[in-house]
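Please look over the structure below. This report takes its sheets, helices and chain contacts in turn.

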Amino acid sequence: MKFIRVNMSEKTIHVEDVPQDYMGLGGRGLTSIMINAEVPPKCDPLGPENKLFVAPGLLSGSPLPNTSRISIGAKSPLTGTIKESNAGGTVAAALGRLGITAIIIEGQAPEGDLSFLRIDEKGNASLIPAHEYKGMRTYQLVEKILESYGKRTSVLCIGPAGEYKLTAASIQSSDVDGHPCRAAGRGGLGAVMGAKGLKALIVDQRGKNADPIADPEAFKEAVKAVTQIVKADHMNAVVMPQFGTAGLVAPVNSMGAFPSYNARKGVLDGWEEICGERMAEIIKERGGNPTHMGCTQCIIHCSNVFVDKEGKYVTSSLEYETIWATGGMTGIADLDTIARLDNLCDNIGVDTMSTGVAMAVAMDAGYKEFGDAEAAIEMVEEIGQGTEFGRILGNGPAAVGKHFNHDRVPVVKGQSIAAYDPRAMLGHGVTYATSPMGADHTAGNVVGAYLEQMLDPLNPEGQVETSRFLQIAMAAFDTMGQCFMADVALLSPEGFEAFGKVIGAKLGTQLGPDDFPHALGVRVLKAEKEFNRRAGFTKEDDRLPRFYYEEPLPPHNTVFVISDEELDSTFDF
Amino acid sequence: MKVRVKLFGTYSQRFPGYQHSQGIEVDIPEGATVKDLLAFLEISESQGAVVIVEGRVLKADDKVRWGVPVNVLQAIHGG
């Protein structure tokens, strides 16, 4: 249990014990509560007062499967709000095995200065000059890092977009194969890392100094119980390993809620060409891998390796949100183009979602035609090249809307919505509007409740309550480092109890029925809302763009009908 | 009553030679419900089946209508 504080202005590193107040926290809970405590809410997100927090979940590096999620937090340059951006890969488990609770990057290196931060097998941190890697794309960068430090190395890094401090810049995370294809994409945290002068965080995976487990026997039993629940879940056992998250393309289009052509329609023409079923077929025909393990200790295997017609690696993993943003929103119903765009975004280091939506806004404004695959690839290449338009695009959809004076910009607090249109799935509108992160589906994704017929997506009744329940649960699970797929198998009183026993055994305490996820989730959300309030955000910011209230979405031809008062009641705690 | 059904997720794997562009045509009694259709396709409730018609998720007791295409999918909670 230790914090590593790195001051980029002074090039100093201090190791601290974790204060009592932060015990029992990890991941999002820790990054958000620490940001609220340490970052001036009105600071320039790209200035020296902002801090970048990197925290594995409380259970990352423990024997509990599916816990290699890393939380990266800061004040977001995209939204101006607090931000936790969450990624899979290998780094969370690597940090957990070293007993590192958080790394805090402070200050700011002089303009043009670039460093690596390396954590060795013993957990010792050092800053290494990295000028020769300036401007390098992430795949080449990680290849070189693994050549220097060995294959058992995890990397978090930025590409050119982060160095340009573009507000849609991502932080890429290396997967089990050493590809930087997992992303903390949301909120432009790559720009914060770039502003600090940090090109990569390099972590040795061979650590053997994980924090002790208070009651190892009870922990073992509790892990067994949770694992059984996750394995018995039909989605995790059957659907995810075959189609991954791309399995959502069919249901969401079938429900008329797949925002297409910059959210002008709820069904994409030709969506069956880019659905998970078709993707799996193509991958199998070409000798790729439709059932891939992307993250350390994963037992679900929702990842895939997409290959081209010659069987050569293009990207991993092709995910639902990327397929939607770069395919649905742009009207490009072609998986080869989408896979190429995914690889380009990962390589340049930009969020696939913000980038896809930014291109869609440009197309909607008449800059290019919807469906123009070549234009889409050229546009993303421009981000990497740092051209004037590339920098506008790399600053996300709101920047593109402003550039073209185009008002159909599907963002909340500056961040793009996700692959569920709030006019046809009302609960997503509640989550987008009220999440302290700006529009963020992972904060409380309601689609499962619709598909399991617990809720009618077009009826306002129950949407706020469901979003609230999920937002609290996700804030708590994101604190533990567990992935979303495993989380959803545990969204029941029995699941919460089983998971509470894992936490209890880890910490040597007995959790009450209200402790997890409710009390923990509320604590995290309160800190996040508090930061945003002090940063100047009010309930008037918890609204969707006007067109969602006015422009009916085909095929249901409905608009967003949750009232402001109802939205404002989402966090009435 | 003949109904055109498109199968998604793993369901199509049960029907050798299934062509997705065509789907399959099933012959079920007039007034058959979603539950009847799933039973005909030998899909049990534990397999997370979702039946969507004209953009709406149907409940087990909802009736399937002649001439209206049906999508049978598997529930997913997010991506």
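Strand β14 (residues 303-307) of chain A runs antiparallel to β15(A), and two bridges join them. This is a predicted model. Val307(A) has Tyr313(A) in β15(A) as its bridge partner.

Both strands belong to an open sheet of three strands in chain A, with the order β13-β14-β15 and antiparallel pairing. At the edges are β13 (289-292) and β15 (313-315) of chain A, each of which pairs on one side only. Neighbouring strands here are turned by 40° against each other on average, direction ignored.

## The β4-β5 hairpin

Strand β4 (residues 70-75) of chain A pairs with β5(A) in the antiparallel sense, over six bridges. Ile72(A) stands opposite Ser85(A) in β5(A). The hairpin has six residues between its strands, and Gly80(A) takes a positive phi there, near 80°.

How covered is strand β5 (residues 82-87) of chain A? Six of its six residues are buried. Ile82(A), Glu84(A) and Asn86(A) point one way from β5(A). Lys83(A), Ser85(A) and Ala87(A) point the other way. Both sets are buried, with Glu84(A) and Lys83(A) included.

Ala93(A) lies in helix α2 (residues 91-97) of chain A. Is this residue buried or exposed? Ala93(A) has 28 other C-beta atoms within 10 Å, and 20 or more make a residue buried, so Ala93(A) is buried.

Which residues does Ala93(A) contact, leaving aside its neighbours within four places in sequence? They are Ser60(A), Gly61(A), Ser68(A), Thr296(A) and Gln297(A). Cys295(A) is 202 residues from Ala93(A) in sequence. In space, the two are 9.1 Å apart, C-alpha to C-alpha.

## Helix α11

Helix α11 (residues 335-348) of chain A has 14 residues. From first C-alpha to last, α11(A) reaches 20 Å, close to the 20 Å expected at 1.5 Å a residue. The helix is mostly covered, with 13 of its 14 residues buried. Gly349(A) follows α11(A) and has a positive phi, near 85°.

## Where α1 meets α18

Helix α1 (residues 27-38) and helix α18 (residues 463-480), both of chain A, have axes that come within 4 Å. The axes cross at roughly 100°. An angle of 65 to 115 degrees counts as roughly perpendicular, so that is how α1(A) and α18(A) stand to each other.

On the α1(A) side, the contact is made by Gly27(A), Arg28(A) and Gly29(A). On the α18(A) side, Ala475(A), Asp478(A), Thr479(A) and Met480(A) take part. The residues of this contact divide into two nonpolar, three polar and two charged.

## Chain A against chain B

How many residues of chain A are in contact with chain B? There are 31, and they meet 20 residues of chain B. Several elements of chain A give two or more residues to this side: α7 (234-243), α8 (249-254), α10 (320-328), α17 (447-451) and α19 (484-489).

Which element gives the most? It is α7(A), with six residues. By class, the side of chain A that touches chain B has 15 nonpolar, 11 polar and five charged residues.

Definitions and conventions: Residues numbered from 1 in each chain as written. Chains lettered and ligands numbered in written order. Predicted model: local features only at pLDDT ≥ 70, side-chain atom pairs only at ≥ 80, totals over all residues. Expected span 1.5 Å × (residues − 1). Buried ≥ 20, exposed ≤ 12 C-beta atoms within 10 Å, placed from the backbone. Pairing = 2+ DSSP bridges. Contact = placed C-beta atoms within 7 Å. Axes fitted to C-alpha atoms, helices over the stretch in contact; angles between N-to-C directions. Nonpolar A, V, L, I, M, F, W, Y, C, P; charged D, E, K, R; others polar. Parallel < 35°, antiparallel > 145°, perpendicular 65-115°, else oblique.
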